[in-house]
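Take a walk through one protein model. Keep the viewer open and follow the stops in turn.

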Amino acid sequence: MEGTWVSILPPVLAIVMVLITRKVLLSLGIGIVSAALLAASFSPVQSAVNFWNAITVSFWDEGALNTYSIFIMLFILLLGIITAFVSLSGGSRAFAEWAAVRIKTKRGAKLLTVFLGFILFVDDYFNALAVGQISRPITDSHKISRAKLAYFIDSTSAPICVISPISSWGAYLIGQLAIILGSAATISYSPLSAFVMMAPMNFYVITTLVLVVFLAWTDIDLFGMKKHEQLAMETGQLYDPNKEIPGQLQEDFPEHEYGRVRDLILPIITLVVVVLVMMIWTGYLESMASLGSATIWSIFENTNVPLSLLTGGLVGTLVAVGLYMNQMRYNSTANISLMGRALKSGLKAMLPAVSILILAWALTDLIAVLETGVYLSELVEKTNVPIAFLPVIMFVFAGLMAFSTGTSWGSFGILLPIAGEIMIEAAPEMLLPALAAVLAGAVFGDHCSPISDTTILSSTGAGCNHIDHVATQLPYALICAGIAGIGYIVLGLTGSIWFGLIAIIIILIAFLTGLIIRNNKNEALVNQG
């Protein structure tokens, strides 16, 4: 059943179950069981082996510890501990009060979150969790729903990373481009030049970032997001307390007046600085070991992101704990027993996110065994359509693959070489638009997929129920994808990147203008009523 249409059933089943039941762990578990059965041709013994291997792949893979996944999970747990100690020390309260004086409007709080998403672009995991930790006290104080915060985080992390050459994504993609372009004697530009040239061709990223800024500037919301925002403004309920909220502390610590802004800022700044330094250092060491030299591009291509995150998490945790222990000298309510409660509370808050990640990785592993990506890529190669429509076809297939597999990087690895091979032979002048369409489609599919790790971590960073995040972000992602798709059709038919850009700009202006007009009419009706 490997590499056939049957291979797509487990991820589709898991995604449909998530949307129907809204129970992530149950749905992922059903997807894993169905994938294990299909991979074993329904042999009970082999199915059990497949299931066990998939569940344990996050810890043990190919005869060795899976340090990549283990370090990511440990970092998430450490972030929970930092959150708990920042709350225990009064840092969250102090920072929220400090920010309320300086960031006086809801618009300012939203724009700050988007701005942080733009500048913390070195890695999507890091972006999602760091932006959430910094922004959450501010957005909470201005009654911005956690679903809206999760949307801002998710829609700025991967989109910025995929067009930034100085990021873990950029380095990986430049390496992929080097392989693709190296096989074409007629191509004269370098992999780095190609990557930079592809940025304005990534229509999904452009439309997504424009929409994010627009929604941050205005008070306009659509579909499910509107309900979350109205509830937050009218009742102060930022999330549904009856739903599981990853990253949300389940207990309130004793309030006191000793907390300072530094009790939140110092641990987070320490985490950010240490992660950046470690990314550069590990990338430098690996570049020197493998290449004998190091450039900024080779450093980010060879950096060890999980180790960097873990190191930053450990140092940030030590700083957070140290700041609370310093309060013991003058704060009579500070004591060792509360430290134990904070440790337990922080770990407990992050367990849902870790559990979802383990099952998502397990399903991804079985999807690889079933060769779902291979099946979808073969569909692309067999698609007999005019060259002009290949960019939009690549965009759609990359979106389907990322949505089904929960990984944009996996889609990059499979579809970029295929797109390169097709376009180099058929229409070299359309090579970069087709490759950019693959990148755009993969990010789009990743945004829509409830089994995507970046979607899971965005929910965690925002302290938002995972399914609420998926459901409220999906309409925005589909709108942006629809506009981007039209752009790729125009680009393919005209052969001009500029015509494609002009097309999406015109549609965006018309769409956003329509939203403003409709919103003004609704406000006028409310005022008249």
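This is a predicted model: local features need pLDDT of at least 70, side-chain atom pairs count only at pLDDT 80 or more; totals for chains, interfaces and linings use all residues.

Residues are numbered from 1 along each chain as its sequence is written, and side-chain values use heavy atoms, leaving out hydrogens and water.

Start at helix 16, residues 336–370. Helices here are DSSP runs of H or I with at least four residues, numbered from the N terminus. Helix 16 has 35 residues and spans 51 Å from first C-alpha to last, close to the expected 51 Å. That expectation is 1.5 Å times one less than the number of residues. At Leu351 the helix bends by about 35 degrees, and Pro352 follows within four residues. The bend is the angle between axes fitted to the seven residues ending there and the seven starting there. Just after helix 16, Glu371 takes a positive phi of about 60 degrees.

Now go to helix 13, residues 262–291, which holds Tyr284. Tyr284 is partly exposed, at 33% relative accessible area (buried is under 20%, exposed over 50%, partly exposed in between, with a 1.4 Å probe and protein chains only).

Finish with the cysteines. How many disulfides does the structure hold? It holds 0, a disulfide being a pair of cysteine sulfur atoms within 2.5 Å. The closest cysteine sulfur to that of Cys448 is in Cys480, 9.9 Å away, so it is too far for a bond. Cys448 is buried at 5% relative accessible area. Cys480 is buried at 3%.

Key: Helices (H or I, at least four residues) and strands (E, at least two) are DSSP runs, numbered from the N terminus.
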